[in-house]
Structure formats: structure tokens, C-alpha cells
Amino acid sequence: MHSGDRVRVERDGQVNEGVLLPSSTPEHLVVKLESGYNVGIEREDADVEVLESDVYAIDGNAGENEGEASEVAFDEDLPTIALISTGGTIASTVDYRTGAVTAQFDAEDVLRAVPDLAGRANYRGRVVANILSENMDPSIWRELAEAVREEIANGADGVVVMHGTDTMQYSASVLSFMLDTPVPVVFTGSQRSADRPSSDNVMNAVCAVEAAKSDIAEVMVCMHASQSDDRCALHRGTRVRKAHTSRRDAFETVGGSPIGHVDYDDETVSYDEAADLAARGEANLALEPALEPDVELVTFTPGMDPSFLEMLEGRAGVVIEGTGLGHVNSDLVDVIDDLTAAGTTVVMTSQCLGGRVCDRVYDTGRDLLDAGVIEGEDLLPGTAKTKLMWALANTDSPAEAMRTPLAGELSERSVPEPAR
């Protein structure tokens with residue numbers, strides 16, 4: 001028997017049937033079950049029957065194309081979509097040495113893995129990074145933004161960025177501030193790897209390409225709108241948040257509704273008519289790639305030691321997730337005052353999922369304003385961090401920039417109507 005064979009393994013009265021995978025130890029067999037999960041079985045006293053040979057291709061050489069570009073044959077009647085890979089589960093497979101899921105495929109491999117993409121567009125593939133998204137950092141954001149700019153400048157009618165879901169919201173938001181785009185830039189990923197029957201990679205990739213062909217020239221996140229394989233939601237890059245660890249419909253637009261949807265079956269893109277959407281061709285392509293990486297995001301909790309904030313002395317910027325309307329323990333106010341006096345820009349956001357910061361209601365809030373804290377309005381904390389990184393590097397007044405809507409990240413303040 002060989003890796004890739006379909007086998008039936010019986011041991012101690014337990015029968016497992018699936019595809020034999022390479023094992024890291026000679027004492028164990030690793031079998032991929034029909035459910036998509038792997039099971040390890042001790043070889044000793046195991047009865048193994050080979051049901052079919054070479055039913056599963058196992059290639060250990062994938063994922064060595066970082067920095068390279070790939071291209072598929074062009075059809076003059078189709079739009080051109082640039083596929084940019086940064087890694088993540090949508091471009092992942094099982095590492096047969098360990099049984100873990102790792103980022104391995106480049107953009108061209110994704111085309112081969114998702115045949116449903118064929119005939120929808122011409123594709124240019126490009127690998128910016130080959131990482132799991134928790135390893136994303138500002139230097140890769142700059143490389144990604146430049147890659148997106150180059151693809152659009154070279155004639156791409158839309159861009160799809162394949163990205164790990166865990167930090168996708170940060171990357172989408174920072175590109176929203178860095179890039180003025182005349183075409184759609186669509187982030188997508190998958191919650192479950194392609195080798196699992198419940199994988200969402202095919203539908204998300206197909207819907208992302210359809211969104212990249214649409215007339216919405218926004219930086220968006222395209223992911224399952226529900227647990228069903230019926231449609232994907234399009235979330236504005238500055239208002240989206242991953243809200244579940246593992247569900248396929250893990251992403252949501254906070255403080256509003258998705259800006260659009262892509263119907264998977266009839267391949268149509270619908271828009272939220274109430275949203276203020278940038279149209280294709282409306283903006284001139286421009287990139288402001290500078291970022292100030294010395295910005296931290298911290299969460300206030302009851303009993304927090306003031307020394308945690310004292311350690312931030314000298315930072316260029318700090319975003320605080322406060323409670324409620326934007327509060328911290330009053331013992332922290334003097335520390336924050338010292339930070340701002342020393343030149344650190346401090347922005348207050350809220351841990352709440354709805355509403356906006358207003359530090360004018362309670363005494364602590366007013367003390368924070370006196371200490372030089374900038375109200376983050378209804379900025380999502382992660383978006384506040386990426387915006388502050390961009391504002392510190394590109395504007396003369398970061399405080400003013402943080403209070404000014406730039407990429408749909410701030411909603412208009414609600415003002416009560418006067419009494420009649």
C-alpha cells in the first residue's frame with residue numbers, strides 16, 4: 001500500500017475507511033476519512049485492505065512560488081481579474097508531515113483547485129506572501145498595496161486578494177486608507193480548507209471574482225452570507241469584523257448592513273441602494289503607502305494595572321478599547337495625560353459592537369478629553385488602529401483625520417430633530 005491509496009483499516013473492532021496519508025512515524029497510519037478529517041491508527045495488530053490505488057494525489061512540492069507571477073490563457077472578450085495571494089486557508093492544504101493545515105498554494109494553483117473560476121474572466125496570478133494571516137504585518141501591507149496598485153495600473157479590471165480570515169479585516173481596512181481605486185478590490189478567504197467536504201473556498205472565490213467584475217469600486221470583503229451555499233455578502237473593508245471562529249458566515253458588517261451581495265447560483269451582484277458607494281472609474285488610481293507601525297491597540301479591563309499603559313511611553317500612537325461610551329478606570333487618566341503630553345496620539349474606541357464614543361457624558365470621559373484623548377466616534381477598534389497608522393504617516397493633523405470620514409469607516413453622527 002502507498003500514500004494516496006483508498007484503504008479500509010480495522011483495529012480492535014473499529015473500522016475506518018479513507019485515503020492513506022503519509023505518517024510522521026512508522027508506528028502509525030494516517031487515514032483521511034470521507035468527512036475530511038484525519039485519524040491516526042496504531043499499525044500494530046491493524047488489518048489493512050487496499051480498496052483502490054492512487055486515488056488521491058499527494059504533492060509535497062507546492063507552495064514554493066512566493067514572489068512569482070502566473071498567467072492563464074487570455075480571452076479578449078472577458079475582463080481581466082488579478083488574483084493576489086497572501087496565503088491563508090483558501091490557499092491551503094494539509095501538511096502531510098504533521099496533519100496540520102498550512103498555506104501552500106499560489107494563485108495559479110487556486111485556479112486549478114477551483115475549476116468553477118474558468119470562463120468567468122482572464123486571470124493574472126501573483127504571490128505577495130505565503131503566510132497564515134496571524135503573521136501579517138505592516139511591511140506586508142505595503143507590499144500588498146503596491147501589488148494591487150501595479151495590477152490595476154497594468155490593466156486589471158478588478159483585484160481579488162486571497163487572505164487568511166483571522167486578520168482579513170485589518171488588511172482590508174488599511175488598504176481602504178492607502179489606496180484610491182477605480183476598480184473593485186475584493187478580499188476573500190475560507191474558513192475551511194479545500195480538502196474538507198464542507199469547504200467554503202469555491203463559493204467564496206467564485207463570488208469574489210463576480211464582485212471584482214462589478215461596478216462597486218470599493219475595498220470589500222466577500223464571504224458567505226449564511227451557512228448555506230446560496231450567496232456571499234460584500235462588506236466594506238472598514239466596517240467588517242470576523243465575528244465567529246469557525247462558521248462559514250463568520251463575517252458581519254458592524255453598525256450597518258453589507259454593501260451588497262453576490263448570488264452564487266445566478267451569478268448576480270446586488271447593491272445596497274442606501275449605501276454611499278464608489279462607482280467603477282470614479283476615482284483616479286493613487287497610493288499613499290506610508291504607515292507608522294509604532295501604534296498599539298490595547299483593551300481596558302476592570303482592575304487593569306496602570307503600568308501596562310506606562311509601558312507605551314514613547315509610542316507614536318495608541319488606540320484604547322474602552323468600555324461603554326469610551327471609559328477607563330479613573331486611575332489611568334493621569335497615565336494617559338502623560339502619554340499625550342509626551343507626543344503620543346491616543347484614540348478612544350469602544351468595546352461595544354454598536355454605537356459611538358462620547359466622552360462628554362460622564363466625569364471620566366471629560367477627564368479623558370482634558371488629557372488629550374481623541375474620540376474615535378464609531379470606528380471599529382481594529383480600523384482605528386490601521387487608520388491611525390496611516391494618518392500619522394500621511395497627514396499633518398492625525399487628530400483631525402481620525403474624526404473625518406475617509407473610506408466609509410465613520411457614520412454620520414445622529415442629531416435629534418428640534419422640537420416643533
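Modeller: Buried stands for a relative accessible area under 20%, exposed for one over 50%, and partly exposed for what falls in between, with a 1.4 Å probe and protein chains only. Helices (H or I, at least four residues) and strands (E, at least two) are DSSP runs numbered from the N terminus. The model is a predicted one, in which local features need pLDDT of at least 70 and side-chain atom pairs count only at pLDDT 80 or more, while totals for chains, interfaces and linings use all residues. Residues are numbered from 1 along each chain as its sequence is written, and side-chain values use heavy atoms, with hydrogens and water left out.

The buried residues of H3 are Met 168, Gln 169, Ser 171, Ala 172, Ser 173, Val 174, Leu 175, Ser 176, Phe 177 and Met 178. The loop between strand S11 (158-162) and H3 (168-178) holds Thr 165. Thr 165 is itself buried, at a relative accessible area of 6%. Leaving aside residues up to four places away in sequence, Thr 165 touches Ser 133, Gly 189, Ser 190, Gln 191, Met 223, Lys 242 and Phe 251; contact here means heavy atoms within 4.5 Å. In an unreviewed UniProt entry, Thr 89, Thr 165, Asp 166 and Lys 242 are listed under "active site". UniProt positions are given in the numbering used here, feature names are shortened, and annotations may be inferred rather than shown by experiment.

S14 and S15 form a hairpin, with six residues between them. On S15 (residues 231-236), five of the six residues are buried. S15 is also joined by four bridges to strand S18 (residues 260-263), again in an antiparallel arrangement; here Cys 232 has Val 262 as its bridge partner.

In helix H6 (residues 333-341), Val 333, Val 335, Ile 336, Leu 339 and Thr 340 are buried. These residues lie on the same side of H6, because they cover an arc of only 160° around the axis, the arc being that of the directions from the helix axis to the C-beta atoms. In general, an α-helix has 3.6 residues a turn, so residues three or four places apart point the same way. The buried residues of H6 pack against helix H5 (307-310), strand S22 (317-322), strand S23 (345-350) and helix H7 (363-370). Asp 334, Asp 338 and Ala 341 are exposed on the face of H6 turned away from its buried side. Just after H6, Gly 343 takes a positive phi of about 105°.

Positive phi values also occur at residues other than glycine. Asp 45, with phi near 65°, sits in the loop between strand S4 (38-42) and strand S5 (47-52), and is exposed at 65% relative accessible area. Glu 377, with a phi of about 50°, sits in the loop between strand S24 (374-375) and helix H8 (381-394), but counts as buried at 11%.

S4 and S5 also belong to an open, antiparallel sheet of five strands in the order S4-S3-S2-S1-S5. Both stand at its edges with a single partner strand each, so one side of each is left without a neighbour in the sheet. Within this sheet, S2 and strand S3 (residues 28-33) pair over four bridges, one of them being Leu 20 with Val 31. Asn 16 is found in S2 (residues 14-21) and counts as buried at 13% relative accessibility. Among the contacts of Asn 16 are Val 7, Leu 33 and Ile 41.

For the whole chain, there are nine helices and 24 strands, and 48% of the 420 residues count as buried. Of the contacts with a separation of 6 or more, 68% join residues 24 or more positions apart.

How values were computed: Two strands pair if DSSP finds at least two bridges between them.
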